[in-house]
Amino acid sequence: MFEHVLFLSVYLFSIGIYGLITSRNMVRALMCLELILNSVNINLVTFSDLFDSRQLKGDIFSIFVIAIAAAEAAIGLAIVSSIHHNKKSTRINTSKFVE
């Protein structure tokens with residue numbers, strides 16, 4: 001069971017990293033960042049259950065990560081909404097950085 005949970009976490013993390021690197025849309029990039037944070041939470045809870053089942057440090061830390069992810073999603077979507085209001089697009093322009 002432990003290996004299956006770690007495989008799921010690695011799979012979600014890989015999808016999140018791939019989506020974050022290849023995404024041209026800000027909303028999709030935020031969703032991929034949430035996927036990465038969720039895979040980290042899965043690891044925290046799994047390792048907390050395996051190594052430290054009495055003190056629940058990983059579970060408590062994962063609650064903090066969830067709170068940070070919720071704040072990041074709210075602030076990120078507000079920024080994306082503001083950018084969409086001004087530019088009428090949420091695409092990420094990387095042509096400025098490529099020379």
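Buried means under 20% relative accessible area, exposed means over 50%, and partly exposed lies in between (1.4 Å probe, protein chains only). The legends below use these words for a predicted model, in which local features need pLDDT of at least 70, side-chain atom pairs count only at pLDDT 80 or more, and totals for chains, interfaces and linings use all residues. Residues are numbered from 1 along each chain as its sequence is written, and side-chain values use heavy atoms, with hydrogens and water left out.

**View 1**
Val40 sits in helix H2, residues 26-51. Helices are DSSP runs (H or I, at least four residues), and strands are too (E, at least two); both are numbered from the N terminus. Val40 has a relative accessible area of 32%, so Val40 is partly exposed. Together with Phe13, Ile17 and Ile21, Val40 forms a nonpolar patch on the surface. The accessible area of this patch is about 330 Å². Such areas come from the Shrake-Rupley method with a 1.4 Å probe; for residues, only the protein chains shown count as cover. Patches take residues with over 30% relative accessible area and no salt bridge; like charges are joined within 9 Å, and nonpolar side chains (Val, Leu, Ile, Met, Phe, Trp, Tyr) within 5 Å. A salt bridge puts a side-chain nitrogen of Lys or Arg within 4 Å of a carboxyl oxygen of Asp or Glu. Which helix gives the most to the nonpolar patch? H1 does, with 3 residues.

**View 1. Ser9 in helix H1.**
Ser9 belongs to helix H1, residues 2-22. Is Ser9 buried or exposed? Ser9 is buried, because its relative accessible area is 1%. Its side chain reaches the backbone oxygen of Ser39 at 2.9 Å. Not counting residues up to four places away in sequence, Ser9 touches Ser39, Ile42 and Asn43. Contact means heavy atoms within 4.5 Å.

**View 2. Leu44 and its partners.**
Leu44 lies in helix H2. Leu44 has a relative accessible area of 21%, so Leu44 is partly exposed. Which residues is Leu44 in contact with, leaving aside neighbours within four places in sequence? They are Gly58, Phe61, Ser62 and Val65. Ala74 is 30 residues from Leu44 in sequence, and their C-alpha atoms are 23 Å apart in space.

Ile75 lies in helix H3, residues 57-87. Ile75 counts as exposed, because its relative accessibility is 54%. The C-alpha atoms of Ile75 and Gln55 are separated by 32 Å, with the two residues 20 apart along the chain. Ser81 also lies in helix H3. Ser81 has 45% relative accessibility, so Ser81 counts as partly exposed. Ser81 and Val27 are 54 residues apart in sequence, but 9.7 Å apart in space, C-alpha to C-alpha.

**View 3. Asn25 in the loop between H1 and H2.**
Asn25 is found in the loop between H1 and H2. Asn25 counts as partly exposed, because its relative accessibility is 24%. Setting aside residues up to four places away in sequence, Asn25 touches Thr90, Arg91 and Ile92. Phe51 is 26 residues from Asn25 in sequence and 39 Å from Asn25 in space, C-alpha to C-alpha.

**View 4. Spans annotated in UniProt.**
An unreviewed UniProt entry gives the annotation "transmembrane region" to residues 6-22, 29-48 and 60-83. UniProt positions follow the numbering used here, feature names are shortened, and annotations may be inferred rather than shown by experiment. Residues 6-22 are 100% helix and 0% strand, with end C-alpha atoms 24 Å apart. Residues 60-83 are 100% helix and 0% strand, and their end C-alpha atoms lie 35 Å apart.

Definitions and conventions
Polar contact = N/O pair within 3.5 Å; in protein donor to acceptor, adjacent residues only side chain to side chain.
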